[in-house]
Amino acid sequence: MSTTATLTIDGQAYEFPLIKGTENERAIDIKTLRSSTNGIITIDPGYKNTGSCESAITFLDGENGILRYRGYTIEELAEKADFLEVAYLLIFGELPNEETLKKFHNDIKKESVVDEEIKKIIHAFPKSAHPMGVISSLTSTLTAFNPSSVDVSSDEAIYNSIVRILGKFPVLVAWTMRKRQGLPLDYGDNSLGYVENILKMMFKRPDEEYVMNKKVVDALDKLLILHADHEQNCSTSTVRMVGSSHAGLFVSLSAGISALWGPLHGGANQAVIEMLEGIRADGGDTKKYMAKAKDKNDPFRLMGFGHRVYKNFDPRAKIIKKSADEVLGDLGVVDPVLDVAKGLEKEALEDPYFVDRKLYPNVDFYSGIIYRALGIPTEMFTVMFALGRLPGWIAQWREMRLRKEPIGRPRQVYIGANKRDFVPIEER
Ligand code: SDX
């Protein structure tokens, strides 16, 4: 197998190393391309063929629908691990033993109080503010209340920032939801598990004891694991890009949250439910919407379908679809949009337009149905995606900093006006 690639330009051959990863993925190392070819660069809108880094965190095989975190399959982790265990695995590279996990959780608990002043900022937002805009602002605001989290020049400083955000982010998520509902911004109970405490903070009513439902805890725990990382997706690449300037962890995460908000990315989980409800309200005519999705003149896309990497089933979608049936059954919830979703999926998987383009349901297609069954408002769905993705973003940011990656600064090909002289306004 070749270890170099040769590029011939204007009759001259240039050789570049071919690198190979531990799963036999190969890449042309073009670090010397511009300097050796007198300024020639590559161009690749959307980076569909361009690797930004080498990473040891998550492995995706889009052709075969494989997803592994630090070598463990998503199927095994979703079945056998809990979210905090997976967070530790992603960030530090190994599954923790009981003692290590207990210390990690205790360190997080010590950081689970948020400066009371932040409530003033939350209350300054209108109730109609989209939760993703609120949580992105609040995450960046944390820097103002924790300035030491910017200078992460040591492992210890990085660790302290990590447990700080893992302790405070769930509080901000709960308060963002409760603010919209006019509920008091209270804390949960640190004697509970990490995900149990999140649920209590989100759903505890001021006038009732919160009754924990293990089925709900298990369903949310699994959803958070399934969203925890996904290699160099749009929001993770944003976290890495912002962090590469040595901006602090919190503001890098805040930028990632903003990127995730887009309906082509994490915002799709909200868009899917809105689409399914729209189809149902329109008489459930899935064929009409399939035709719209295929019509190049119609901006409508089948939200929750397609993926840049998966050209096969998104393994997470398979797990979530199965879990949706179980959770709704366990909770005795009947949600008519689940039938609309299954009908759409069946039609799309038999339709040449989707089959030829290898468009399958992705992680966002069924997740909203479970969030809804858990009582989470639609506008909060993408915030829940961010809650799950937090450890992955943290892991990728930490890896980028520890590997001392250079500041991200892509090149371009200029296609604008050539040199021209200034024209005084009276002559224009
Ligand atoms: C996430 O990257 C990640 O890992 C992301 C994520 C993660 O965990 O971080 O997995 C989470 O973001 C999942 C994706 C959620 N987004 C959606 O469900 C929105 C709907 N999907 C599409 O917008 C689209 O499929 C993307 C954005 C997901 C992928 O877009 P690509 O890779 O740029 O593909 P493309 O737009 O070039 O589409 C290729 C073809 C086009 O048709 P042709 O020009 O070849 O004729 O497929 C068509 C597209 O028009 N197409 C769709 C479609 N998705 C692609 N047509 C109808 N409906 C769709 N959903």
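This is a predicted model: local features need pLDDT of at least 70, side-chain atom pairs count only at pLDDT 80 or more; totals for chains, interfaces and linings use all residues.
Residues are numbered from 1 along each chain as its sequence is written, and side-chain values use heavy atoms, with hydrogens and water left out. Local features need pLDDT of at least 70 and side-chain atom pairs count only at pLDDT 80 or more, whereas totals for chains, interfaces and linings use all residues.

A side-chain N or O atom of His307 lies 2.6 Å from a ligand oxygen, and one of Lys48 lies 3.1 Å from an oxygen atom of the ligand. A ligand nitrogen is 3.0 Å from an N or O atom in the side chain of Tyr353. Of the 1100 Å² that the ligand exposes when taken alone, the protein buries 80% (Shrake-Rupley method, 1.4 Å probe).

Helices α6 (residues 131–145) and α7 (residues 155–180) pack at about 145°, with axes 10 Å apart; helices are DSSP runs (H or I, at least four residues) numbered from the N terminus, and axes are lines fitted to C-alpha atoms over the stretch in contact, with angles running from 0 to 180 degrees between N-to-C directions. Residues of α6 including Ile135, Leu138 and Leu142 belong to a contact that involves Phe169, Leu172 and Val173, among others, in α7 (heavy atoms within 4.5 Å). The residues of this contact divide into nine nonpolar, two polar and two charged.

Notes:
A polar contact is a pair of N or O atoms within 3.5 Å; within protein, one must be able to donate a hydrogen and the other to accept it, and residues adjacent in sequence count only if both atoms are side-chain atoms. Helices (H or I, at least four residues) and strands (E, at least two) are DSSP runs, numbered from the N terminus. Ala, Val, Leu, Ile, Met, Phe, Trp, Tyr, Cys and Pro count as nonpolar, Asp, Glu, Lys and Arg as charged, and the others, Gly among them, as polar.
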